[in-house]
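Please read them beside the model.

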Amino acid sequence: MESTVKKWGNSLGFRIPKSFANQAGVKEGSLVDVVLDGEQIIIKPIKEDEESIVSLLKKVTPLNKHDEIFTDNSTGNEIW
C-alpha cells in the first residue's frame, strides 16, 4: 500500500490504514518500536505484556533499590 509522508511539526509522519492497525493490534496511544535498518524503517508494536526500560525504571523505589555490591579487589590502578 502506498502512503504519503507529510510534515508534522519538526517531524514527518504518515497515517496507518485502519485495517493494518487492527491486524497489528495498534490503537491510539499504543507504544511502537521504530528501528532504522539500512534504508528501511521498521515499526513494530510493543506488546502490553512486554516491559520497556521506562516502565521497569518506574518500578524502582527507595524500598526496593539496593546498595552497591562489592564483588572483588582492585585489579589495576583503580582509586578506591
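1. Contacts between residues 24 or more positions apart make up 3% of the contacts in the protein chain with a separation of 6 or more, where a contact means heavy atoms within 4.5 Å. Buried residues, those under 20% relative accessible area with a 1.4 Å probe and protein chains only, amount to 4% of the 80 residues.

2. The model is predicted: local features need pLDDT of at least 70, side-chain atom pairs count only at pLDDT 80 or more, and totals for chains, interfaces and linings use all residues. Residues are numbered from 1 along each chain as its sequence is written, and side-chain values use heavy atoms, with hydrogens and water left out.

3. The protein chain has two helices and four strands, which are DSSP runs numbered from the N terminus (helices H or I, at least four residues; strands E, at least two). Their order along the sequence is β-β-α-β-β-α. The radius of gyration, taken over C-alpha atoms, is 21 Å, well over the 12 Å that the globule rule (2.2 Å times the number of residues to the power 0.38) gives for 80 residues, so the protein chain is more spread out than a compact globule. The C-alpha trace spans about 60 × 30 × 25 Å along its principal axes.

4. Lys 59 lies in the segment after helix 2 (53–58). Leaving aside neighbours within four places in sequence, Lys 59 is in contact with Glu 51 and Asn 64. The C-alpha atoms of Lys 59 and Phe 20, 39 residues apart along the chain, are separated by 33 Å.

How values were computed. Buried < 20%, exposed > 50% of the residue type's maximum accessible area, 1.4 Å probe, protein only.
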